[in-house]
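Dear colleague,

Please find below the structure that I am handing over to you.

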Amino acid sequence: ASPVASSSIALNKIIRQQIFTQAQPKAKPRKKPQPAQTETTESTAETKTDAFYQQVPGVGRLSTGAADAFYNKWEVGEVDGATIGLNPSITWGEDAELTLTAPLHLIMPDEGDNIFSCGLDGAYKRPLTGKMDECTAGVHAYGLGYFASDDTATAFGGGPFLAWNRRLNEQWLVSAGGLLEITKPDEGDTVVEIVPAVNAGYNLSENVALNGFVIYYRNLDSDVADPDYTDIGLDVLWVRGGWAFSGGFKTAVGLDNVDSTEFHLGSSWIF
């Protein structure tokens, strides 16, 4: 439950992807043109079926893919280091969405062994209707494994979340929400956090959108010396042809003995 932990780095991405409704460039990525279909007789017509991974019952077809690389420079007490990684993800559906993300992280302290972390996170969300049509509810769950030269560890976690968004005008979009996160490492106590967050998005042009966000993490364990901290960050999204690119940074504030600054670059595409 600190900004330099691999689970917290992955959780930050879940919040930005699932809870926030970020401002998107108005020039959406263009789908690739489909090949022209030729007419066939009934005797030669074949029924085309989706591959097993292209359709999820009750959710929909495979819609988007994304991946972002990041560099996180951190300092914990007298220990310096960095974490680098890749977060590929795929999403099914348009209204209700199922997203799978596979975090691949390498934790590199200046002294000591490097630690490789990998896992899988699944998030499902569905928009609400009626008087709450600006809200979305969902849940996510993950598992992470940590592998060093002479030791291994695991952690599992997840929790429910609720999100709200409203477009103020053609340029401005705001969204907010909260997540109840429960993390259970293979050794040690369960960590329970409440994570409220807010994002303000602005359409700078047809091809560029900016999003600034604040995410507050509160550890509900009263025995922790520093029970809370805040991520402050900025995302830039840019559309070019059939691709959407993103970049940004975040920094953590509020901890006496921990410093963390992260830069990320990513891309997404539609199927």
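Which residues are linked with D231 and K250 in a network of salt bridges? The network of salt bridges links D231 and K250 with E262; a salt bridge here is a side-chain nitrogen of Lys or Arg within 4 Å of a carboxyl oxygen of Asp or Glu.

Please note that this is a predicted model, in which local features need pLDDT of at least 70 and side-chain atom pairs count only at pLDDT 80 or more, while totals for chains, interfaces and linings use all residues. Residues are numbered from 1 along each chain as its sequence is written, and side-chain values use heavy atoms, with hydrogens and water left out.

Overall architecture

Of its 271 residues, 38% are buried, where buried means under 20% relative accessible area, exposed over 50% and partly exposed in between (1.4 Å probe, protein chains only).

The helix and the core

Helix α1 covers residues 6-19. Of its 14 residues, 13 are buried, so the rest of the structure largely encloses α1. The largest nonpolar core has 23 residues, and those touching the most other members are I15, I19, F20, L179, V195, I215 and Y217. Such a core is a set of buried Ala, Val, Leu, Ile, Met, Phe, Trp, Tyr and Cys residues joined through side-chain atoms within 4.5 Å. Two or more residues of this core come from each of α1, β7, β8, β10 and β11. Beyond its neighbours within four places in sequence, L179 has contacts (heavy atoms within 4.5 Å) that include L11, I15 and I19.

Salt bridges

The whole structure contains seven salt bridges. In one of them, K250 and D231 have their closest N and O atoms 3.5 Å apart. K250 lies in strand β13 and D231 in strand β12, so this pair ties together parts that are 19 residues apart in sequence. K250 is buried, with a relative accessible area of 2%, and D231 is likewise buried at 2%.

A further salt bridge joins the side chains of E134 and R166 (3.1 Å, N to O). E134 lies in the loop between β6 and β7 and R166 in strand β8, so the pair ties together parts 32 residues apart in sequence. E134 is partly exposed at 26% relative accessible area, and R166 is partly exposed at 40%.

Yours sincerely

Terms used
Helices (H or I, at least four residues) and strands (E, at least two) are DSSP runs, numbered from the N terminus. The expected span of a helix is 1.5 Å times one less than its number of residues.
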